[in-house]
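This report describes a single protein model. It treats the surface, the nonpolar core and the salt bridges in turn.

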Amino acid sequence: MIVVPDGYGTTLTRPLDALLEAIRPGLTIRYRCAASPVRKPGATTRALYNLPPVVALTGTAADEWWLRQADNSGIKPLTHHSHPLDTFRGQRRPTGTPPQRIRHSRTQFDGTAAIIDTDLLRTAVLNGVGRGKAYGCGLLSIAPARQTS
């Protein structure tokens, strides 16, 4: 457990109600998500290629992962950019067991998208996307796209 000393920093919270209420099908939004894209190969594939249970994705494979996640989050990307971020490394200490190493390779996805399913998008904004949410991965940030005249 990490203990942050008093006075270490400040926090600011803002309600999401107005943003969530403004979500409607067809609206164009800007999005950003720093996520931990992974694939879980089946037992046969793991044995055949000597792979771990969870494989971090990079490059085109990470982009394909994001496009699937975006669809499952109720948005259809119109523009898409990605770049790798530093890998998160740490330890998890479940009660009564030895520490476990934690590693989350991260990629940031940015772009514009059309909203296709308001309920899925609200859920993704409130609950996050993918693995590693407890370590700061998967926060989906959205904002209305600026209209160009």
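Leucine 48 counts as exposed because its relative accessibility is 62% (buried is under 20% relative accessible area, exposed over 50%, partly exposed in between, with a 1.4 Å probe and protein chains only). Leucine 48 belongs to helix H2, residues 43-49; helices (H or I, at least four residues) and strands (E, at least two) are DSSP runs numbered from the N terminus.

The model is predicted: local features need pLDDT of at least 70 and side-chain atom pairs pLDDT 80 or more, while totals for chains, interfaces and linings use all residues. Residues are numbered from 1 along each chain as its sequence is written, and side-chain values use heavy atoms, leaving out hydrogens and water.

## Nonpolar core

The largest nonpolar core has 22 residues, and Ile29, Tyr31, Trp66, Ile75, Leu121, Leu140 and Ile142 touch the most other members. Such a core is a set of buried Ala, Val, Leu, Ile, Met, Phe, Trp, Tyr and Cys residues joined through side-chain atoms within 4.5 Å. At least two core residues come from each of strand S1 (28-35), helix H3 (59-72), strand S5 (100-115), helix H4 (118-127) and strand S6 (139-144).

## Salt bridges

The whole structure holds two salt bridges, defined by a side-chain nitrogen of Lys or Arg within 4 Å of a carboxyl oxygen of Asp or Glu. In one, the closest N and O atoms of aspartate 110 and arginine 32 are 2.5 Å apart. Aspartate 110 is in strand S5 and arginine 32 in strand S1, so the pair ties together parts 78 residues apart in sequence. Aspartate 110 is buried at 14% relative accessibility, whereas arginine 32 is partly exposed at 44%.

Arginine 122 also forms a salt bridge, with aspartate 119, at 3.8 Å between the closest N and O atoms. These two residues lie three apart in helix H4, about one helical turn.
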